[in-house]
Amino acid sequence: MKLNQKEVQLITELKNQEELCVQKYDFYAAQAKDPELKSLLKKILKHEQAHYDMLEDLMKGTVPTIKNKTPSAVKYEPKGTHPGDQKCKDFDKFLCTDIIATEKYVATTYNNDLFYFASTDVRNVLNAIMTDEQNHAEMIWKYKVANKMAA
């Protein structure tokens, strides 16, 4: 598969976003006060790294395999037992709110960019990643709701 200049530019920008997501999830997982949130952020971090790797494959001319799976958000049922005081809870709420905003931005970017690609296979990969990003936001939202952090 050969990418044109515009496609290379878009994938490069998407890789930069995924790299930022990896860094943000890693940093936030280390900062989170609730062990359940730490675990969730670490889990999503692995997905973000997989997205980066998939984009790397595209840059090398290889279309990665999309694994058929039930979206993680469907299965995720947080306990809603934040162990910290209100200050700790507010801190974790901030992390969650920022991550949701990031996921919305990244999902929107994928949605806008995928239409520039000639290859159906590449569009399918980008669409799958976009869906994952939406699921990540939903999982974080479910965590916020379960822990009475959502307004």
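This note walks through the fold, packing and surface of one predicted model.

1. **Fold.** The chain has 5 helices and 0 strands. Read from the N terminus, the order is α-α-α-α-α. The radius of gyration is 16 Å, close to the 15 Å that the globule rule gives for 151 residues, so the chain is as compact as a globular protein of that length.

2. **Dimensions.** The C-alpha trace spans about 55 × 25 × 25 Å along its principal axes.

3. **Contacts along the sequence.** Take the contacts between residues at least 6 apart in sequence. Of these, 81% join residues at least 24 apart.

4. **Core.** Of the 151 residues, 42% are buried. The largest nonpolar core holds 38 residues. Within this core, the residues with the most contacts are L41, L55, Y110, L126 and I140. Two or more core residues come from each of α1 (5-31), α2 (35-59), α4 (86-113) and α5 (120-146).

5. **A closer look at L55.** Which residues does L55 touch, leaving aside those up to four places away in sequence? The partners are I11, L14, K15, E18, Y110, L126 and I129. Among them, Y110 and L126 are also listed with L55 as residues with the most contacts inside the core.

6. **Surface.** The accessible surface of the chain comes to about 8,400 Å². Carbon and sulfur atoms account for 52% of that surface.

7. **Charge.** The chain carries 22 positive and 22 negative charges. Their mean positions lie 4 Å apart.

Key. Residues are numbered from 1 along each chain as its sequence is written. This is a predicted model: local features need pLDDT of at least 70, side-chain atom pairs count only at pLDDT 80 or more; totals for chains, interfaces and linings use all residues. Side-chain values use heavy atoms; hydrogens and water are left out. Helices (H or I, at least four residues) and strands (E, at least two) are DSSP runs, numbered from the N terminus. The radius of gyration is taken over C-alpha atoms; the globule rule is 2.2 Å times the number of residues to the power 0.38. Buried means under 20% relative accessible area, exposed over 50%, partly exposed in between (1.4 Å probe, protein chains only). Contact means heavy atoms within 4.5 Å. Accessible areas come from the Shrake-Rupley method with a 1.4 Å probe; for residues, only the protein chains shown count as cover. Lys and Arg count as positive and Asp and Glu as negative; His and the chain ends are not counted. The place of a charge is taken as NZ of Lys, CZ of Arg, CG of Asp or CD of Glu. A nonpolar core is a set of buried Ala, Val, Leu, Ile, Met, Phe, Trp, Tyr and Cys residues joined through side-chain atoms within 4.5 Å.
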